[in-house]
Amino acid sequence: MPVTVLDHPLATARLATLRDVATTTPGFRAAMQGLGLLLAAEAARRVATVAVRVQTPLALCDTLGLAGRAPAVVSVLRAGQGLVGPFLEV
C-alpha cells in the first residue's frame, strides 16, 4: 500500500497544538478535528468519480460525483478515535 505524507502548514500547526502541554481539552479536540479534516480530504483525493449532470438554478452543469458506495471508516486504535468524526464528515 502506498504511503502518503501530508506536508501542509495547517496540518503542522495542528500537530503543534496537539503536542503542546499547555493545550486545553477543548483546544485539543478542535485541533484533532481540524487535522482530521485535512487528513480525510487528502485520503479522499483518490476516490473514484463519475461524470454527472446536475440542474443548477441557472442551467444544466456537467460535473463529477462519487462512483460506487461510500468508503468505510474503521478506527483500529483508540488513539484514532478522534479522527473518525472528521472522516465521516468528509
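Leucine 77 is placed in the loop that joins β2 (60-66) to α3 (81-89); helices (H or I, at least four residues) and strands (E, at least two) are DSSP runs, numbered from the N terminus. The structure is a predicted model, in which local features need pLDDT of at least 70 and side-chain atom pairs count only at pLDDT 80 or more, while totals for chains, interfaces and linings use all residues. Residues are numbered from 1 along each chain as its sequence is written, and side-chain values use heavy atoms, with hydrogens and water left out.

- Together with Val74 and Val76, Leu77 forms a nonpolar surface patch of about 370 Å² accessible area.
- Accessible areas come from the Shrake-Rupley method with a 1.4 Å probe, and for residues only the protein chains shown count as cover.
- Patches consist of residues with over 30% relative accessible area and no salt bridge, with like charges joined within 9 Å and nonpolar side chains (Val, Leu, Ile, Met, Phe, Trp, Tyr) within 5 Å.
- Alanine 67 also lies in the loop between β2 and α3, and its relative accessible area of 23% makes alanine 67 partly exposed.
- Alanine 67 and aspartate 20 are 47 residues apart along the chain, and their C-alpha atoms are separated by 40 Å.

**Helix packing**

- Helix α1 (residues 9-19) and α2 have axes that come within 9 Å and cross at roughly 150°; α1 is therefore roughly antiparallel to α2.
- Helix α2 (residues 25-43) packs against α3 at an angle of about 50°, with the axes 8 Å apart, so α2 and α3 are oblique to each other.
- Axes are lines fitted to C-alpha atoms, for helices over the stretch in contact, and angles run from 0 to 180 degrees between N-to-C directions.
- Angles under 35 degrees count as roughly parallel, over 145 as roughly antiparallel, 65 to 115 as roughly perpendicular and the rest as oblique.

**Salt bridges**

- The count comes to two salt bridges, each defined as a side-chain nitrogen of Lys or Arg within 4 Å of a carboxyl oxygen of Asp or Glu.
- Glutamate 42 counts as buried because its relative accessibility is 19%, whereas arginine 45, at 59%, counts as exposed.
- Another salt bridge joins the side chains of aspartate 62 and arginine 53 (2.7 Å, N to O), and both of these residues are exposed.

Key:
Buried means under 20% relative accessible area, exposed over 50%, partly exposed in between (1.4 Å probe, protein chains only).
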